[in-house]
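Here are my notes on this model, written as numbered points. Have the structure open while you go through them.

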Amino acid sequence: MKNRRFLLVFALLLSLGLVLAACGGSSNETSSEGESGGSEGGESGSSDFSVAMVTDIGGVDDKSFNQSAWEGLQAFGEEHGLKEGEGFDYAQSESDADYTTNLNRLVRQKYDLIFGIGYLLQPAIEEVAGQYPETNFAIVDAVAEGDNIASITFKEHQGSFLAGVAAAKKTESDKIGFVGGVDGDLINKFEAGYVAGAKAINPDIEVDVQYAESFAAADKGKLIAANMYSKGIDVIYHASGATGNGVFAQAKDIKKNNPEKDVWVIGVDRDQYEEGQIGENNVTLTSMVKRVDIAVQDVATQAMNGEFPGGEVIEYGLKDDAISIARTNEEALTEEIITAIEEWKGKIVNGEVEVPSTRDELKTYVEGL
């Protein structure tokens, strides 16, 4: 009887110990599903800092602007031992209606710094940042008002000028094209710089400028490119995000059907050499590389170190090596073209040439040639 009583008491004590252990182990497991991304939501490497970004409608795999930003965020995360989905993450926007929703969701997940990728997010960034002054925000390609917002801008017109130099040196028809995404101040900088660079080499060159009115319409980009190439244009520079995928597709179709015909695409934002590969040929002449990835890493590092540039406008250009011309296609980009690019780059950096960034400035520049 005593043995049975002893066993019963022992079993009760053991059960009580298990219950207490279970209660102690659950004290940190109260966060709701989907809200574990930020600094209070789980492991984030050697730092409690967390960062995320909201894409525009081009998406994180647009092979251009958003993808470059995401690559920068991934590199930052790897450098600091952060985990995707916890220490760093992204929210993809399918339409402009998603911008505010995505920003609010990332705020709720307690991310310390949230990037808006693209000028289209400016109104949403300003609205949400005003509601959450304790959270830091950064916007790429726009200047936003707010003490907790850093504005990241680039001198795209400088790199586009060099793209125009390359196009004018490469064309055999003296007819080149420009395909823009949405017609506005930002993409006008690409257009103005490109036309100015081409005209600096040949004032009589013909430049056909068309806009798709979307950064996510590859089918329209392909249609515009088909029309341009059919008119004898042999080099097209696109500044149109995922719409530019259609420009590449059309150039590759032409090259596939007629390997002897030379048609070229100049990529944008990141080195788009791989997008131009078709068999043993490549239709990517060069790319105007805009180091969105470096800018994202730079601002994230400043924020993590307690030096977030809130309320400031940060501008990156040729002088900072944040804007450049890719040289991956060594066969297409001849020594003569490279020499011309370097010559004009020097003139821009030392202030000898002031590159136009608007259509009005372009008009004045061309009249002065």
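1. A word on burial before anything else: a residue is called buried under 20% relative accessible area, exposed over 50%, and partly exposed in between, using a 1.4 Å probe and protein chains only. This is a predicted model, in which local features need pLDDT of at least 70 and side-chain atom pairs count only at pLDDT 80 or more, while totals for chains, interfaces and linings use all residues. Residues are numbered from 1 along each chain as its sequence is written, and side-chain values use heavy atoms, with hydrogens and water left out.

2. Start with Ser357, which sits in the loop between α10 (335-349) and α11 (359-367). Helices (H or I, at least four residues) and strands (E, at least two) are DSSP runs, numbered from the N terminus. Ser357 counts as buried because its relative accessibility is 19%. Setting aside neighbours within four places in sequence, Ser357 touches His157, Asn188, Lys189 and Ala192; contact here means heavy atoms within 4.5 Å.

3. Next, the helix pair α6 and α11. The axes of α6 and α11 come within 9 Å and cross at roughly 10 degrees, so α6 is roughly parallel to α11. Axes are lines fitted to C-alpha atoms, for helices over the stretch in contact, and angles run from 0 to 180 degrees between N-to-C directions. Angles under 35 degrees count as roughly parallel, over 145 as roughly antiparallel, 65 to 115 as roughly perpendicular and the rest as oblique. On the α6 side you'll find Asn188, Glu191, Ala192, Val195, Ala196, Lys199 and Ala200, meeting Arg359, Leu362, Tyr365 and Val366 of α11. By class, that contact has 7 nonpolar, 1 polar and 3 charged residues. For the classes, Ala, Val, Leu, Ile, Met, Phe, Trp, Tyr, Cys and Pro are nonpolar, Asp, Glu, Lys and Arg are charged, and the others, Gly among them, are polar.

4. How many cavities of 30 Å³ or more does a search of the whole structure find? The search turns up 1, and the largest cavity has a volume of about 180 Å³. Of its 21 lining residues, Asp56, Phe65, Ile187, Phe215 and Asp269 are the closest to the centre. On a 1 Å grid over the protein atoms alone, a cavity is a set of points where a 1.4 Å probe fits but cannot get out, and a pocket is an open set with protein on both sides within 12 Å along at least five of seven lines; lining residues have an atom within 4 Å of a point. Grid points are joined across faces, edges and corners, and a volume is the space filled by probe spheres set on the points. α6 gives the most to this cavity's lining, with 3 residues. The lining of the largest cavity splits into 10 nonpolar, 6 polar and 5 charged residues.

5. Lys290 is in strand β12 (residues 284-290) and is buried, at 1% relative accessible area. Beyond neighbours within four places in sequence, its contacts include Asp141, Glu156 and Asp269.

6. The largest pocket holds about 250 Å³ of space, and the residues closest to its centre are Trp264, Asn281, Asn282, Asn329 and Glu331. The second largest pocket holds about 210 Å³, with Lys155, His157, Gln158, Ile348 and Glu354 closest to its centre.
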